[in-house]
Amino acid sequence: MKHQTDSSANHLIVSSDADSIDLLAPYWKEVTEKLHPLLEISFELSPHLCQTGKILEAVRIEEHVSAPVEGIRGRKQIDRRPMARAFLVKAIMNLVSTRQLVQLLQQSRPLRQLCGMEKVPSEPTFSRAFAEFAQNNLGDKVHVAMVEKFVSNQIVMHCSHDTTAVEAREKAVKKTKKLEPSLKKRGRPKKGEIRPPKELTRLERQVTMEADAALAELPRFCDRGFKKDTDGNEYWWRGYKAHIVWADGMVPLCCVTTSASLHDNQGVIPIMKRVAQKVRSLYDLMDSAYDASAIREVSL
């Protein structure tokens, strides 16, 4: 197979050639042979579609989706692999709804061919497939595979940590009022008086906890968050907060989504432990919101 991109004319060319058989995903080769046997495919692409094609071939999300089972009775299941590529296209193009994705695929023949589709499935079919991908944690599986392939065999100089707002249209959950702690007498305890030990904070407990157990304690419901941008302007949003750590070259190593109201430093310790399982790193870069003795201890 040959895969060429002419930057001047923005053309994508695919043809048969045994010498270049590793340049394209096996599934893409299978699709092109079915759609255009013994023919060279050449169609004009916009710069954005060329970039989308490069991302699809780098990620190869279809390799993490099982092919439909042959020889079973009943209605044959639609192949989920092209819809997995379309699932990635929806994220790349920042499409808000599945309906927008279906309309775009119906209008753009080159995009359909990049996804490996002869016909565009209906919106409900896409919705069911996307629900399966979310239930099976397809995004996490693909991300782990990419980090292992491109980063795990290298030494990461800097792991940069930060959070970003994730707005959502769903209704925010109302917070329950916290019970006021019982008042304690000031000063030294009386002779024979036994006072309960001071309760550990979440950061102090996370130091000795496993990463998965610490992440399971973090709130994940939709609520309202508050943040200051780089210019010092305050803003509120409804939705969630994404805690992200990336390596040199802007390669994301881990991303965890929590409630919007959770403080930035509450999720960094389990994330650092997860990253340590994936790569070898030398430094953690954070802003002043993460300045805590427990975080410094885990980082060291």
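1. A word on terms before we start: helices here are DSSP runs of H or I with at least four residues, numbered from the N terminus. With that in hand, helix 2 is followed by Arg 60, whose phi is positive, near 50°. Please keep in mind throughout that this is a predicted model.

2. The overall picture first. The protein chain has 300 residues, and 38% of them count as buried. Its secondary structure comes to 11 helices and 8 strands. Among contacts with a separation of 6 or more, 66% are between residues 24 or more positions apart.

3. Now for two backbone details. Most residues other than glycine have a negative phi. Arg 60 has a positive phi of about 50° although it is not a glycine, and Asn 94 likewise has a positive phi, of about 55°, without being a glycine. Arg 60 sits in the loop between helix 2 and helix 3, while Asn 94 is in the loop between helix 3 and helix 4. Is each of them buried or exposed? Arg 60 counts as buried because its relative accessibility is 15%, under the 20% cut-off. Asn 94 counts as exposed because its value is 65%, over the 50% cut-off.

4. The loop between helix 2 and helix 3 also holds His 64. His 64 is partly exposed, with a relative accessible area of 33%. What does His 64 touch beyond its neighbours within four places in sequence? The contacts are Leu 138, Lys 141, Val 142 and Ala 145.

5. Ala 84 counts as buried because its relative accessibility is 0%. Setting aside residues up to four places away in sequence, Ala 84 touches Ile 61, Val 65, Phe 133 and Leu 138. Val 65 lies 19 residues from Ala 84 along the chain, and 7.5 Å separates their C-alpha atoms.

6. Next, the nonpolar interior. In soluble globular proteins, nonpolar side chains tend to be buried together. Here the largest nonpolar core has 25 residues, and Leu 101, Leu 105 and Phe 126 have the most contacts inside it. Helix 2, helix 3, helix 4 (98–107), helix 5 (109–115), helix 6 and helix 7 each supply at least two of its residues. Which helix gives the most to this core? That is helix 3, with 5 residues.

7. Phe 126 makes a handy landmark in that core. Leaving out residues up to four places away in sequence, Phe 126 touches Met 83, Ala 86, Thr 98, Leu 101, Val 102, Leu 105, Met 117, Val 120 and Pro 121. There is also a second, separate core of 15 residues, which includes Cys 159, Ala 247, Leu 262 and Val 275.

8. On to the largest pocket, with a volume of about 1500 Å³. Its lining is made of 40 residues, and Phe 87, Gly 139, Asp 140, His 143 and Cys 255 lie nearest its centre. The elements that give two or more residues to the lining are helix 3 (80–92), helix 6 (123–135), helix 7 (138–150), strand 4 (155–167), strand 7 (251–259) and helix 10 (268–278). Helix 7 provides the largest share, 9 residues. By class, the lining has 27 nonpolar, 7 polar and 6 charged residues.

9. Last, a surface position. Glu 210 is in the loop between helix 8 (202–206) and helix 9 (211–216). Is Glu 210 buried or exposed? At 59% relative accessibility, Glu 210 counts as exposed. Glu 210 and Arg 274 are 64 residues apart in sequence, and their C-alpha atoms are 9.2 Å apart in space.

Notes:
Residues are numbered from 1 along each chain as its sequence is written. This is a predicted model: local features need pLDDT of at least 70, side-chain atom pairs count only at pLDDT 80 or more; totals for chains, interfaces and linings use all residues. Side-chain values use heavy atoms; hydrogens and water are left out. On a 1 Å grid over the protein atoms alone, a cavity is a set of points where a 1.4 Å probe fits but cannot get out, and a pocket is an open set with protein on both sides within 12 Å along at least five of seven lines; lining residues have an atom within 4 Å of a point. Grid points are joined across faces, edges and corners, and a volume is the space filled by probe spheres set on the points. Ala, Val, Leu, Ile, Met, Phe, Trp, Tyr, Cys and Pro count as nonpolar, Asp, Glu, Lys and Arg as charged, and the others, Gly among them, as polar. A nonpolar core is a set of buried Ala, Val, Leu, Ile, Met, Phe, Trp, Tyr and Cys residues joined through side-chain atoms within 4.5 Å. Buried means under 20% relative accessible area, exposed over 50%, partly exposed in between (1.4 Å probe, protein chains only). Contact means heavy atoms within 4.5 Å.
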